[in-house]
Amino acid sequence: MKKHKKTIVILFPILCFIVIWGISLARCEILTLIHGNDFSNQAMYESNTMIGDMEYIKILDYTENYARIYYVSEDKSLGSIIEFSKIDDKWMYSKWADALWSTSGNADRVIWPYWWHVIYFWF
């Protein structure tokens, strides 16, 4: 009986983490499926950032007038968060919020729920 109780105590926090992470990933994936086309236009961010060509995007937060987008550059050499605001029914670049990771070594942060992407700058 004590062995089962110990196993439950060990596995419960791991299970909670996996459930919370899974829900967070699902939320970002759903937002990306629904609103991704609005932000996949390279001209929207290219003139204001150093990202260059993008490989993919993930929408982290989205409201009617604000969006926080996770951009991953081509060849997975840079991961950045860029914020957009809606002005006159058009999404406009607001600010480059953060460079999370980079193969050039100038950034080393992680982002929830895509924390494992930090491995891109190691390889």
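The largest nonpolar core in this predicted model has 11 residues: Leu31, Phe39, Met54, Ile57, Ile59, Ala67, Ile69, Tyr71, Ile82, Phe84 and Trp91. Helix H1 and the strands S1 (54-62), S2 (66-73) and S3 (78-87) each put in at least two residues of this core. There is also a second, separate core of 5 residues, with Cys28, Leu60, Tyr70 and Val72 among them. A nonpolar core here is a set of buried Ala, Val, Leu, Ile, Met, Phe, Trp, Tyr and Cys residues joined through side-chain atoms within 4.5 Å. Buried means under 20% relative accessible area, exposed means over 50%, and partly exposed is in between (1.4 Å probe, protein chains only).

A word on the model: it is predicted, so local features need pLDDT of at least 70 and side-chain atom pairs count only at pLDDT 80 or more, while totals for chains, interfaces and linings use all residues. Residues are numbered from 1 along each chain as its sequence is written, and side-chain values use heavy atoms, with hydrogens and water left out.

Stepping back, the chain has 2 helices and 4 strands, running α-α-β-β-β-β from the N terminus. Helices (H or I, at least four residues) and strands (E, at least two) are DSSP runs, numbered from the N terminus. Of the 123 residues, 35% are buried. The chain exposes about 8,000 Å², and carbon and sulfur atoms supply 61% of that; such areas come from the Shrake-Rupley method with a 1.4 Å probe, and for residues only the protein chains shown count as cover.

| Residue | Element | Relative accessible area |
|---|---|---|
| Ile10 | helix H1 | 47% |
| Thr32 | helix H1 | 16% |

Thr32 counts as buried because its relative accessible area is 16%. Leaving aside neighbours within four places in sequence, Thr32 is in contact (heavy atoms within 4.5 Å) with Ile57, Lys58 and Ile59. A polar atom of the Thr32 side chain also lies 2.9 Å from the backbone nitrogen of Ile59.

Ile10 is partly exposed, at 47%. Together with Leu11, Ile14, Phe17 and Ile18, Ile10 forms a nonpolar surface patch with about 460 Å² of accessible area.

Conventions:
Patches are made of residues with over 30% relative accessible area and no salt bridge: like charges are joined within 9 Å, nonpolar side chains (Val, Leu, Ile, Met, Phe, Trp, Tyr) within 5 Å. A salt bridge is a side-chain nitrogen of Lys or Arg within 4 Å of a carboxyl oxygen of Asp or Glu. A polar contact is a pair of N or O atoms within 3.5 Å; within protein, one must be able to donate a hydrogen and the other to accept it, and residues adjacent in sequence count only if both atoms are side-chain atoms.
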